[in-house]
Amino acid sequence: MKRRSFIKKAGLATAGVFSVPYILPSGRLFAATGSRIADHVVLCLFAGGVRNLESIQKIEGNLMPNTLFGSESINPQIAPGMSALPSPFSNVLQSQATLYKEFRYAAGATGHFNAHSAVLTGKYNLVDVNLKQRPSNPTVFEYYRKHNSPSMSALNAWWISNSLGPYPALNFSNYPGYGAEFGANYIQPRSVISASGYEVLGNPKNFNTSEIDKINKIRSFCDNNFSKNFTSGDAGVTNAIEDSMLLDQFIQDSYTEALAGQYDNPWNSPSGMSGDMFNVFFAEKVIERFKPELLVVNMQDVDIGHTNFTAYCDNMRKADYALAHLWQTIQTTPGMANNTVLIVVPEHGRNQEPNTLLDSFGRYALDHNNDAMSREIFCLVAGPAGKVVQNQVISTEVGQTIDVVPTIAKVLGFYSDIPGGMLDGQILEQSFN
């Protein structure tokens, strides 16, 4: 098979990751009634369980020099374990942001899925979590697409996660009246845009006539012997036909660029691209191509902290660089520059007491098991001057992860359109002028 055809088929096959064609309503379902603070929101779930001690309190030195002010040297004990990274950006993100130093993940188990769910739904989950079950409350993607128009296309809402298993379930809920038809386009870049993904998706099987006949007989048998009542959204998130074509082309282009080596180390990082860096790199591709109004990207590499404290600190530095790179891309993308609010928040922290695993630098690892410190996190809200309060630090205990959804709704102008009682959190009003 010729390479061009090979790539084309890969792209068409991969489009199924996003959707099947869906005819969007031509008119408005609901018109957002509030004024907007900005036309775009990027939410970064940073970066897989981060303690305030190592982040904003800088007890091991400033591991986030692109995000936080300060030139504190890295603790000599772990310094040899730090990877070489590109030079920090000239503008520290904190200078354009409000920093909440005592943010909280206040309730629910301090697990990644549960804590992600709180950020994305604006509700704490206080019961046992079924990783195969979708949230029982609408996600921010559903609120955005249902209550915000005319920009309700799925092409305007993206959820980009690492390859940890359950995150696709956080795209949309089982809540009546919401669901898949209001979900976002979801992708795990490391799984799809990779050699293994290309090998699977780029090698569609061609059936001969006899095989097709057998397939049709099996399909007919199944159709006639298994009954199920399908409802809207059973096929997952869907896109308009014209948007599906744009997605097809985007995936085709991504494979072409990956095969050409453009994804190998696009940032020229001396230590190579970490998983978090790659995830953010792909989010930047989405930003540059589609300029979405709502994009959520997560990072997860610091979760190595369960077994290796020094690597946890090192990965925090890489996540910091990726975050700054993301902000630079936003500020150089026409339409999103000076018109985007960036919200950065870890889903939860880590325990005060370490576990018993010692790394090669003599440091014990950290779990997250619901102690008080595992609920202590930071939140940073960055955005255009005149709209977001710049260079502000709030050191008292203000804000929770369930406040993120109402804050996004406020920025994009649809907060007042969400029915009363559906959100428990508050708008982070102190972030805005």
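User: What does the protein chain contain in terms of helices and strands?

Analyst: The model is a predicted one. Its protein chain has 10 helices and 8 strands. Of its 433 residues, 55% count as buried.

User: How do I describe two packed helices?

Analyst: Two values are used: the angle between the axes and the distance between them. Take helix α8 (residues 275–290) and helix α9 (residues 309–331). Their axes come within 9 Å and cross at roughly 10 degrees. Angles under 35 degrees count as roughly parallel, and α8 and α9 are therefore roughly parallel to each other.

User: Which residues make the contact between α8 and α9?

Analyst: From α8 they are D276, M277, V280, E284, I287 and E288. From α9 they are K318, A319, Y321, A322, H325, L326, T329 and I330. By class, this contact has 8 nonpolar, 2 polar and 4 charged residues.

User: At what angle does helix α7 pack with α8?

Analyst: Helix α7 (residues 241–259) packs with α8 at an angle of about 135 degrees, and the axes are 12 Å apart. That makes α7 oblique to α8. The crossing of α7 past α8 is right-handed.

User: Which residues of α7 and α8 meet there?

Analyst: On the α7 side are L246, L247, Q249, F250, D253, S254 and E257. On the α8 side are F282, K285, V286, R289 and F290. Sorted by class, the α7 contact with α8 has 6 nonpolar, 2 polar and 4 charged residues.

User: Is helix α2 mostly covered or mostly exposed?

Analyst: Buried means under 20% relative accessible area. Helix α2 (residues 112–121) is mostly covered, with 10 of its 10 residues buried. Among them are H112, F113, N114 and L120.

User: What covers the buried residues of α2?

Analyst: The cover includes the strands β1 (40–45), β3 (157–160), β5 (294–298) and β6 (340–345). It also includes the helices α3 (140–147) and α10 (404–411).

User: What follows α2?

Analyst: G122 follows α2, and its phi is positive, near 75 degrees.

Notes
Residues numbered from 1 in each chain as written. Predicted model: local features only at pLDDT ≥ 70, side-chain atom pairs only at ≥ 80, totals over all residues. Heavy atoms only, no water. Axes fitted to C-alpha atoms, helices over the stretch in contact; angles between N-to-C directions. Helix = DSSP H or I, 4+ residues; strand = E, 2+ residues; numbered from the N terminus. Parallel < 35°, antiparallel > 145°, perpendicular 65-115°, else oblique. Left-handed = near helix turned anticlockwise from the far one by under 90°. Contact = heavy atoms within 4.5 Å. Nonpolar A, V, L, I, M, F, W, Y, C, P; charged D, E, K, R; others polar. Buried < 20%, exposed > 50% of the residue type's maximum accessible area, 1.4 Å probe, protein only.
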